[in-house]
Amino acid sequence: MAHAGWTRRSLLASAGALALARVARAQEPPKPGGKPLFELALSEWSLHRALQEKRLEHLDLPVVARTDYDIGSVELVNTFFKDKARDLAYLNELRKRANDHGVRLGLILVDDEGPLAHPDDAVREKAIARHRMWLNTAAFLGCHSLRVNLEGEGSARKQRDVACQALDSLGNYAEPLDLRVLVENKSGHSRNPAWLAEVMRQTAHKRVGTLPDFARFEDADGAEFDRYAGLEQLMPWACSISAASFDFDERGAERTIDFKRMLQIVLAANYHSWIGVEYQGERLSEPDGIRATQKLLLRLRDELAAEPK
């Protein structure tokens, strides 16, 4: 059951202890000139059908990541354990299973916890409070980041300004917990890379960054935007990457996204940290889609590492 003593002080102590125990920090990339060029994480959303149909339990995600795919980091989705955010017994069990299998609980992707870009102060503050709760959870689990969405009402300019206020508040809360707050180009105006880049420039909080998703880019009018140009715009603030995939051809290439071109943009920005395997397709089974995405990323990682500098 939920623990009544869940306080900021206890979370800070817990986060500090975990930080000392970790062998390597998630936000620290491999040393320059070393290999690999980047590390893979498994996004829980890649297995959303299995989770929704109760063929997989959320607690077993770290076990499956290691035993089925030999992936050493997972990206949790809060909707699969939404009623467990303050349940320390549950969270301790999740942490134990991850530790037992040498898997890092990398980040939590937070959905449906209120509009952080809402112009109404009371509505926005309520959403900020809900996201602070998940920052506490992320700290307890030893995560490096929390992914948030920027949704709201009103003009793009108004949503930009109030989103910056919300992100500053969350960044201030995240800093002593040694966490980052990342925005994904997922919904609303955040799919417009120019808008999201302006949010980043205006916020300028060292604990706030982006989590670029390969799949979702739109212009200010809601029309599809060039994903390669969009990725370039978001890379200066990238602290994690989502390699969204949908389908593959007979050669193992993604049919709709040029993964090599995307990875070249990522590496050109001197990014060498986590890239999430996020299969979203339907033709392949979830396990086959995960393996196809993983295989493609690993093959391209080797190819790009071998190319002359």
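Residue A41 has G276 of strand 8 as its bridge partner. The model described here is predicted. Its secondary structure amounts to ten helices and eight strands, and the eight strands form an open sheet with parallel pairing, in the order 6-5-4-3-2-1-8-7. Of the 309 residues in the protein, 54% are buried.

**The chain as a whole**

- When contacts between residues at least 6 apart in sequence are considered, 79% of them join residues at least 24 apart.

- Strand 6 (208-211) and strand 7 (241-245) are the edge strands, and each of them pairs on one side only.
- On average, neighbouring strands of this sheet are turned by 30° against each other, with direction ignored.
- Helix 7 packs on the sheet, where it touches strand 5 (180-184) and strand 6. The direction of helix 7 makes about 160° with that of strand 6.

**Strand 1 and its two partners**

- Strand 1 covers residues 39-43. Four of its five residues are buried, so strand 1 is largely enclosed by the rest of the structure.
- Strand 1 pairs with strand 8 (residues 274-279) in the parallel sense, over four bridges. A41 and G276 are bridge partners, the latter lying in strand 8.
- Strand 1 is also joined to strand 2 (residues 73-77) by two bridges, and these two strands run parallel. The bridge partner of L42 in strand 2 is V74.

**Strands 3 and 4, with L146**

- Strand 3 (residues 104-109) and strand 4 (residues 145-148) run parallel and are joined by three bridges. In strand 4, S145 is the bridge partner of L107.
- L146 is located in strand 4. Its relative accessible area is 1%, and L146 is therefore buried, the cut-off being under 20%.
- The C-alpha atoms of L146 and L107 are 5.5 Å apart in space, although the two residues are 39 residues apart in sequence.
- Not counting residues up to four places away in sequence, L146 touches I108, V110, H131, W134, L135, A138, R180, V181 and L182.

**Helix 7 against helix 8**

- The axes of helix 7 (residues 193-203) and helix 8 (residues 227-234) come within 9 Å and cross at roughly 0°. This crossing angle makes helix 7 roughly parallel to helix 8.
- On the helix 7 side, the contact is made by P193, A194, L196 and A197, which meet G230, Q233 and L234 in helix 8.
- Sorted by class, the contact of helix 7 with helix 8 has five nonpolar residues, two polar residues and no charged residues.

**R191, in the loop between strand 5 and helix 7**

- R191 is found in the loop between strand 5 and helix 7. With a relative accessible area of 26%, R191 is partly exposed.
- R191 is in contact with N185, K186, R216, F217 and E218, leaving aside its neighbours within four places in sequence.
- From C-alpha to C-alpha, R191 and P212 are 9.7 Å apart in space, and they are 21 residues apart in sequence.

**Loop residues with positive phi**

- Most residues other than glycine have a negative phi. D70, a residue other than glycine, has a positive phi near 50°.
- D70 has its place in the loop between helix 3 (61-69) and strand 2. Its relative accessibility is 55%, so D70 counts as exposed.
- N270 likewise has a positive phi in a residue other than glycine, with a value near 65°.
- N270 lies in the loop between helix 9 (259-268) and strand 8. With a relative accessible area of 59%, N270 is exposed.

Key:
Residues numbered from 1 in each chain as written. Predicted model: local features only at pLDDT ≥ 70, side-chain atom pairs only at ≥ 80, totals over all residues. Heavy atoms only, no water. Buried < 20%, exposed > 50% of the residue type's maximum accessible area, 1.4 Å probe, protein only. Pairing = 2+ DSSP bridges. Contact = heavy atoms within 4.5 Å. Axes fitted to C-alpha atoms, helices over the stretch in contact; angles between N-to-C directions. Parallel < 35°, antiparallel > 145°, perpendicular 65-115°, else oblique. Nonpolar A, V, L, I, M, F, W, Y, C, P; charged D, E, K, R; others polar.
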